[in-house]
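Subject: Structure handover

Hello,

Here is the structure I promised. My notes follow below it.

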Amino acid sequence: MTPALVAAAVPFGLPVGAGPLAHGVGTRADLPLPVGYVVAGGGLAVLVSFVALGALWRTPRLAGAAAGRPLPRPVAALAHGRPRLVLQAVVLALSVLVVVIALAGSPDVAQNAAPWAFFVTFWVGLVPVSLLLGPVWGALNPLRTTYRLLARVLPAPARPDLAERWGYRPAALSLLAFAWFELAAPDRSDPRRVGAFLVAYALVHLVAAAVVGERWFLRGDGFEAYSRLLGALAPVGRRSDGVLVLRNPLDGAAALPARRGLVAVVVVLVGSTAFDGLGRTQWWQNGFGAGGEAVLPSTTGPLATVALVGLLFAAGAGLAGRLGGYPGAAAPLAHTLVPVAAGYAVAHYFSLLLFDGQTTWILLSDPFATGADLLGLTGRGVDYLLVTARTISLVQVAAIVGGHVVGTVLAHDRALVLSAAAPAARRPVASQVPLLAIMVVLTMTGLGLLLGA
Amino acid sequence: MNRRPTRTTTLLLTVAALGAVTLTGCASGSSTAAATSAPAVTTSTAPAASATTPSETPTETPTPTPTPTEEGQLVEITVAKGKVTGPKGRVKVKAGSTVILRVTSDVADEIHLHGYDKHADVEKGGTADLRFKATLTGVFEVELEEKGLQLVQLQVQ
């Protein structure tokens, strides 16, 4: 730690060297990634990038929303009609229960299921569920369900045009607000604060939806947008004709509309997850982040990483457009960061979901700390022997490098599409170099953060 | 139409297989690399002065290791006036070893080892030992529970 950094940390009046294990809640953090894994992962990322430049297809291949073969009818039926209504009702009931537990249960986070349910089971669990099943939160969002119930008595939305005009920008803001709460807010694991956040989040989005209409949730609710982005990488999706299909995840990602604000959402996701990783490194905890719970470093940290990722992406996409003769490439290339964001999320939160995710259910067995044993789990400890440290490390490297591979392939295909459509197209292959450079930088950063954890 | 995704998938699979080979190839070598890189220095307590004069903190702090004793790996920490004195940074302990956290505090509080979920009460001006077998790997926080003050982070591997 440099003297300058120590000096910067001292004014916050907190002991130097004390840093939290980041994230909203959590009882353990992963071991630093073994050097060998990092070298292998990094080398592989570079190798993949060169293969992508030289040996992948020369004409666009991804069919996007037009691709896929229909799911069997009984399977598709599960996503519609009555089963869906039942699921919506269940999710709404569970959400209300979590808010009630947060506000009326034990004030001690070790005795209250709500912070665990929200930060771990919901937020982190949304990642694997969306990656496997698609944008489920759009289908189950309890705020959307509530809005539908309220809409019967509410006047017609006054400004439905705003959904188009603002695009995904409100969702980016919504995610940034959540990221701040999760990573930087004081006493963020306090059940009452979690309850207050949830109530405030619900009110803001319900009022916004009353003005803009139901489409607000798609464009403004950060959780729904997150699920939609990750869900684009699922092996199931909705084809452009509305049929539920089994499809190549690359087609799903390519089908994401290059709407206004998509870049912002993706950049916030990559940046905030990267900061969560940064916050766990000893470099950060002994340096600028040594203020621990102090609001200033833990607020500037995520904002700075988000801004850095944004600048990096804007520079890369701008340069790619310039080299390839297709200006304004940032939005059409934004989807290439989605697998990177997914890789970061899996790498950082895999073990959290497996281990601390158990706490949610253990505590839900006695939701109001009255000695009840509803699920037969009361008093149980977390089983930390579920997976080994080596498995965790392997999953982490595989996720980061996997995200890189998919992102690189998506960027390759989209660069070819953009070149083909540009009136003054030049050097489609050379134009990919800046994009690959971003991918490599993000991958190395991701691995480096896990190395320093 | 069906052919396109198939060829894409084949290419991706090739790349993934390449990745798997590279990863498993290095997995065996990495554990030795980690083992040899652990420094043999055994410093347990830092001078109390460093807490008040931070500018003297060295740029590179050696990774602290606990003091081996007959009963187990000893980690000593002192809390005075809300400040923690003890090993700087993270303490590395070997998985499977017995660890003794010895905390001296000028306030009465509860020592809490997260993850293992072990507790020990320390009295005002007293010293308490929290002894446990390090069976779980990962990074764990030790806190003064009431004050919410982090005492040390244990890295069990």
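What pattern does chain B follow, read along the sequence? The answer is α-α-β-β-β-β-β-β-β-β-β-β. Chain B has two helices and 10 strands. Helices (H or I, at least four residues) and strands (E, at least two) are DSSP runs, numbered from the N terminus.

Two points on conventions. This is a predicted model: local features need pLDDT of at least 70, side-chain atom pairs count only at pLDDT 80 or more, and totals for chains, interfaces and linings use all residues. Residues are numbered from 1 along each chain as its sequence is written, while chains are lettered from A and ligands numbered from 1 in the order in which they are written.

Chain B

Of the 157 residues of chain B, 32% count as buried. Buried means 20 or more other C-beta atoms within 10 Å of a residue's own; exposed means 12 or fewer, and partly exposed lies in between, with C-beta atoms placed from the backbone. Contacts are pairs whose C-beta atoms, placed from the backbone, lie within 7 Å. Among the contacts in chain B with a separation of 6 or more, 60% come from residues 24 or more positions apart.

Strand E10 (residues 149–156) of chain B deserves a look. Eight of its eight residues are buried, so E10(B) is largely enclosed by the rest of the structure. Strands pair if DSSP finds at least two bridges between them. E10(B) pairs with strand E9 (residues 138–144) of chain B in the antiparallel sense, over seven bridges. There, B:Glu143 has B:Gln150 as its bridge partner. E9(B) and E10(B) form a hairpin with four residues between them. In the turn, B:Gly148 has a positive phi of about 65 degrees.

Strand E4 (residues 90–93) of chain B runs parallel to E10(B), joined by four bridges. B:Val91 stands opposite B:Leu154, and B:Lys92 stands opposite B:Gln155. In a regular strand the side chains alternate between the two faces of the sheet. In E4(B), B:Arg90 and B:Lys92 point one way, B:Val91 and B:Val93 the other, and all are buried.

Chain A

Helix H19 (residues 338–364) and helix H20 (residues 389–421) of chain A pack at about 175 degrees, with axes 7 Å apart. Axes are lines fitted to C-alpha atoms, for helices over the stretch in contact, and angles run from 0 to 180 degrees between N-to-C directions. That makes H19(A) roughly antiparallel to H20(A), a label for angles over 145 degrees. The contact has 13 nonpolar, seven polar and no charged residues. Nonpolar covers Ala, Val, Leu, Ile, Met, Phe, Trp, Tyr, Cys and Pro; charged covers Asp, Glu, Lys and Arg; the others, Gly among them, are polar. The H19(A) side includes A:Tyr344 and A:Phe350, and the H20(A) side includes A:His404 and A:Leu410.

A:Ala369 sits in the loop between H19 and H20 of chain A. It has a positive phi of about 50 degrees although it is not a glycine. A:Ala369 is partly exposed, with 17 other C-beta atoms within 10 Å.

A:Asp187 also is not a glycine, yet has a positive phi of about 50 degrees. Its loop lies between helix H10 (169–183) and helix H11 (191–212) of chain A. A:Asp187 counts as exposed, with 12 C-beta neighbours inside 10 Å.

Three strands of chain A form an open antiparallel sheet in the order E2-E4-E3.

Best wishes

Definitions and conventions
Angles under 35 degrees count as roughly parallel, over 145 as roughly antiparallel, 65 to 115 as roughly perpendicular and the rest as oblique. Two residues are in contact if their C-beta atoms, placed from the backbone, lie within 7 Å.
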